[in-house]
Amino acid sequence: MIIVLFGKPGAGKGTQAPLLASALDIPTLATGDTLRAAIRAGTPLGLEAKSFMDRGDLVPDSVILKIAAEELSKPAYATGVILDGVVRTVPQAEGLAKMLETLGGGRKVDAVLAFDIDNDEIVRRLSTRTVCEKCQTPYTGHAVGDTCEKCGGKLVRRKDDDPDAVRTRLSVYDEQTAPVLAWYQHAGNNVAVVNAVGSVADVTARALKALGK
Ligand code: AMP
């Protein structure tokens, strides 16, 4: 099963991805996590991506499609994947569709879960968000202390959660990412809108219901 998690920054994709992954027993692929790891490791990919990310802009499609192609050809993703923030532009949606066709086995995007949330709630969430430096688990307001409950890593603020970068990310979403939903609808993919406001458990339950689980 190939599932695209879609939504504004702060909609809860990174929180829901591992929960859905464990409920469905498939791995996740989050390009944001891959890019942040590359930045920490100081690789050429990280150096290329850093300035785009810090100011809240999208990293070029070619970079994202290269990461996706490298990852999705690995056996770990043969049974399916939850794509967290991977498809953020129409060229990425087109590139992914072609890539899946090339990989064979009748693979295609089975469902797009579009997390629905308004901008006021996004700004509120991101202004209190911290993430674990080590395992990337996000915490919004409910973190106890400054270490990760899962791995003990240090909780830090993401540079792109600064108000200026958040404003940029929201307008980038409107201009470049929002049209992806219509693309998937037009292409005949199964698109389900999921109310992303409420407790983490409620949103997971809504997402699973939308997938018929
Ligand atoms: P995220 O962790 O998903 O919020 O992504 C953080 C940042 O990484 C984004 O604001 C972009 O700069 C970059 N990024 C992650 N995924 C993509 C993508 N699919 N296309 C373009 N840029 C991306």
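Predicted model: local features only at pLDDT ≥ 70, side-chain atom pairs only at ≥ 80, totals over all residues.
Local features are reported only at pLDDT of at least 70 and side-chain atom pairs only at pLDDT 80 or more, while totals for chains, interfaces and linings use all residues. Numbering starts from 1 along each chain as its sequence is written, and side-chain values use heavy atoms, with hydrogens and water left out.

Start with the sheet. It is open, has 5 strands in the order S2-S3-S1-S4-S8, and the pairing is parallel. Strands, like helices, are DSSP runs numbered from the N terminus (E, at least two residues, for strands; H or I, at least four, for helices), and two strands count as paired if DSSP finds at least two bridges between them. Strand S2 (28-30) and strand S8 (191-195) sit at the edges, each pairing on one side only.

Now for S1 and its partners. S1 runs parallel to strand S4 (residues 111-116), with 5 bridges joining the two; here Leu5 has Leu113 as its bridge partner. Towards S3, S1 is again parallel, this time through 4 bridges, and Ile2 stands opposite Val81. As for burial (buried is under 20% relative accessible area, exposed over 50%, partly exposed in between, with a 1.4 Å probe and protein chains only), 6 of the 6 residues of S1 are buried. Ile2, Val4 and Phe6 point one way from the strand, whereas Ile3, Leu5 and Gly7 point the other way.

Helix H1 (residues 13-24) packs on this sheet, touching S1, S2, strand S3 (81-84) and S4 (contact means heavy atoms within 4.5 Å). The direction of H1 makes about 180 degrees with that of S3.

Just after the helix, Gly212 takes a positive phi of about 80 degrees.

Finally, the rings. The whole structure holds 2 aromatic pairs, where rings of Phe, Tyr and Trp (its six-membered ring) pair if their centres lie within 6.5 Å, and planes under 30 degrees apart are stacked, over 60 edge-to-face and the rest tilted. Phe6 and Tyr173 have ring centres 6.0 Å apart and planes at 50 degrees, so this pair is tilted. Phe6 lies in strand S1 (residues 2-7) and Tyr173 in helix H7 (residues 163-177), so the pair ties together parts 167 residues apart in sequence. Both Phe6 and Tyr173 are buried. Trp183 and Tyr184 form an edge-to-face pair, at 5.1 Å centre to centre and 85 degrees between the planes. Trp183 counts as partly exposed, at 23% relative accessibility, whereas Tyr184 is buried, with a relative accessible area of 2%.

Technical notes: Axes fitted to C-alpha atoms, helices over the stretch in contact; angles between N-to-C directions.
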